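Work through the exercises below with the model open beside you. Try each task before you read its solution.

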Amino acid sequence: MNAALTPGIEVHASREAACRALAREIAALLHAKPGAVLGLPTGNTPEPLYRELVRLHREERLSFARTRSFNLDEYLGLPAGDPHSFRVRMQQQLFAETDFAPQNVHIPHSDADAEPEVRRYAGSLAAAGGIDLQVLGIGRNGHIGFNEPGSARESRTRVVALAPETRAGAAPSFGGLAHVPERAITLGVADILEARTIRVLAFGKAKAEIVQRMLEGPIGPACPASFLRGHGDLRLLLDAEAAGGLRR
Ligand code: F6R
């Protein structure tokens, strides 16, 4: 792995255009390998991607019937079926709108006993043979999944404490900070880096500074997204605003 490798950076006309390009790549992968393993994020960033995948399913008969998916992370301490859980959001935005088979969809359980759930989740990913294509968003603090600043390059699937800024960012949608979980289960940085292909989406002015740090700042745990620069098949799909802080 070459830490100095320059990743492919694509600046698209809009977030929708970027997501259409990534959806086409995912469709090509699934045509070539219907049982491929996708690594998926939640959040605002991938919403246009999931809309486009649903459209491809409905209008162009893209099938996910054999596709396997692993979500990056899930809050801990929410009851099953909680509308704030990533499981419910994924169900609404993608899984229930396509032909994903429930047994092929993997997300940590938000109401589980944490440590056994970590072992179960890591075991399921290993049994699936790892991730073929990992889609990522980036937190404004540089987190990928819930690998908050301070996470090691070698970190694995585990229970994490959410950073104060991550909880504060989620507070409005939870109706106040007091309702935001304090812990989550996340794939580790090392698990993410083992994906054969990594595609990062970042849109809007609010992401410009962290995109710049990720690509042009020091590589290290202060910005976990910077570790991605060591990956051999990495592309960033940005809009002009998110690319606005790059020097080159
Ligand atoms: C979510 C996740 C996070 C988000 C990041 C960006 O599963 O892993 O790392 O990708 O917090 O969130 P948005 O897209 O809401 O800006």
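This is a predicted model: local features need pLDDT of at least 70, side-chain atom pairs count only at pLDDT 80 or more; totals for chains, interfaces and linings use all residues.

**Exercise 1.** Find where serine 226 lies, and decide whether serine 226 is buried or exposed.

*Solution.* 
Step 1. Locate the residue. Serine 226 sits in the loop that runs between helix 7 (208–216) and strand 10 (234–239).
Step 2. Check the relative accessible area. For serine 226 the value is 0%.
Step 3. Apply the cut-off. Buried means under 20%. Serine 226 is therefore buried, as its value is 0%.
Step 4. Look at the side chain. A polar atom there lies 2.6 Å from the backbone oxygen of cysteine 223.
Step 5. List the contacts, leaving aside neighbours within four places in sequence. They are Met214, Pro218, Ile219 and Gly220.

**Exercise 2.** Name the buried residues of helix 7, and say which strands they pack against.

*Solution.* 
Step 1. Pick out the buried residues. In helix 7 these are Ala208, Ile210, Val211, Gln212, Met214 and Leu215.
Step 2. Find their partners. The buried residues pack against strand 1 (8–12), strand 9 (197–202) and strand 10.
Step 3. Link back to Exercise 1.

**Exercise 3.** Describe the largest pocket and its lining.

*Solution.* 
Step 1. Give the volume. The largest pocket holds about 940 Å³ of space.
Step 2. Turn to the lining. It has 32 residues, and Gly43, Asn44, His143, Gly169 and Lys207 are the closest to the pocket's centre.
Step 3. Find the main contributor. Helix 5 gives the largest share of the lining, seven residues.
Step 4. Sort the lining by type. There are 13 nonpolar, 13 polar and six charged residues.

Technical notes: Residues are numbered from 1 along each chain as its sequence is written. Side-chain values use heavy atoms; hydrogens and water are left out. Helices (H or I, at least four residues) and strands (E, at least two) are DSSP runs, numbered from the N terminus. Buried means under 20% relative accessible area, exposed over 50%, partly exposed in between (1.4 Å probe, protein chains only). A polar contact is a pair of N or O atoms within 3.5 Å; within protein, one must be able to donate a hydrogen and the other to accept it, and residues adjacent in sequence count only if both atoms are side-chain atoms. Contact means heavy atoms within 4.5 Å. On a 1 Å grid over the protein atoms alone, a cavity is a set of points where a 1.4 Å probe fits but cannot get out, and a pocket is an open set with protein on both sides within 12 Å along at least five of seven lines; lining residues have an atom within 4 Å of a point. Grid points are joined across faces, edges and corners, and a volume is the space filled by probe spheres set on the points. Ala, Val, Leu, Ile, Met, Phe, Trp, Tyr, Cys and Pro count as nonpolar, Asp, Glu, Lys and Arg as charged, and the others, Gly among them, as polar.
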